[in-house]
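Please keep the sequence open beside the coordinates while reading.

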Amino acid sequence: MKKILLFSLLTLFSTQAFNNKTSNPIEGWKNSIATLSSKFNISIDALQNAVKVYQQLKLSGQLNNQQFLTIADFSKPSSEKRLFIINMEKMELVFHSLVAHGRNSGKQMAEKFSNKMESFQSSIGFFITGNIYKGKHGMSLQLEGIEAGINDKAKQRAIVVHGADYVNEALIKKQGYIGRSLGCPAVPKNQVKDIIQTIKGSSLFYIHAPDKSYLQKSNLIGS
């Protein structure tokens, strides 16, 4: 039932966005995005920002993997499933899982963000997924930060998607929140392989938070 609703609503706003080039596409999506936000508990601001930039990068040819759009909604606590992966061709929500933030970004909520080496904070904004490799956490996926001064040191900081034992429901029951990373959007170990194989190869990955400083600095959101 959820997939049917998501298909109908996303088809509506995608059609409006692509076919009505003379108007602001966000205006045409407002009602659909509001409904999706309520139904699937995704931040309406996260959806608006992510779809807007997805359309920009798709049209400019920067996304080789145009099928999937990933949103890590850090306006939510880590005790909630806040990673959303949307199949933009079939218009389905294909993954909905827990995801960790950096240990110096906050405890239950991610409230501080950084682009600095050894800050152990999450970086905010838009990334393009890169290559798969095997690191100290096992199978991992590179992320390239595409916003200068905001997240463009992601590769130098080794900010990647990887699996982690501390991203699990048991910790939530024990302490009220999952464990934290050194800045990576870490996901459950039993889901990491499927997640990485799905979004690899230059798809869009957006880490969202209600951060006023980011909104002022981001050329992608403001463009």
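This is a predicted model: local features need pLDDT of at least 70, side-chain atom pairs count only at pLDDT 80 or more; totals for chains, interfaces and linings use all residues.

1. Residues are numbered from 1 along each chain as its sequence is written, and side-chain values use heavy atoms, with hydrogens and water left out.

2. The protein has seven helices and eight strands, where helices (H or I, at least four residues) and strands (E, at least two) are DSSP runs numbered from the N terminus. Of its 223 residues, 52% are buried; buried means under 20% relative accessible area, exposed over 50%, and partly exposed in between, with a 1.4 Å probe and protein chains only.

3. Among the contacts in the protein with a separation of 6 or more, 61% are between residues 24 or more positions apart, a contact being heavy atoms within 4.5 Å. The accessible surface comes to about 10700 Å², and carbon and sulfur atoms hold 49% of that area; the areas come from the Shrake-Rupley method with a 1.4 Å probe.

4. Helix H3 covers residues 44-59, and its end C-alpha atoms lie 23 Å apart, which agrees with the 22 Å that its 16 residues should span at 1.5 Å a residue; the expected span is 1.5 Å times one less than the number of residues.

5. At the start of H3, a side-chain oxygen of Ser 43 comes to within 3.3 Å of the backbone nitrogen of Asp 45. Just after the helix, Gly 61 has a positive phi of about 75°.

6. How many salt bridges are there? The count is two, taking a salt bridge as a side-chain nitrogen of Lys or Arg within 4 Å of a carboxyl oxygen of Asp or Glu. One of them joins Asp 73 and Lys 76 at 4.0 Å, N to O; Asp 73 is buried at a relative accessible area of 0%, and Lys 76 is buried at 8%.

7. The side chains of Lys 189 and Asp 165 also form a salt bridge, at 3.8 Å, N to O. This pair links distant parts of the chain, 24 residues apart, with Lys 189 in the loop between strand E7 (187-188) and helix H5 (192-199), and Asp 165 in the loop between strand E6 (160-164) and helix H4 (169-175). Lys 189 counts as partly exposed at 47% relative accessibility, while Asp 165 counts as exposed at 60%.

Key
A polar contact is a pair of N or O atoms within 3.5 Å; within protein, one must be able to donate a hydrogen and the other to accept it, and residues adjacent in sequence count only if both atoms are side-chain atoms.
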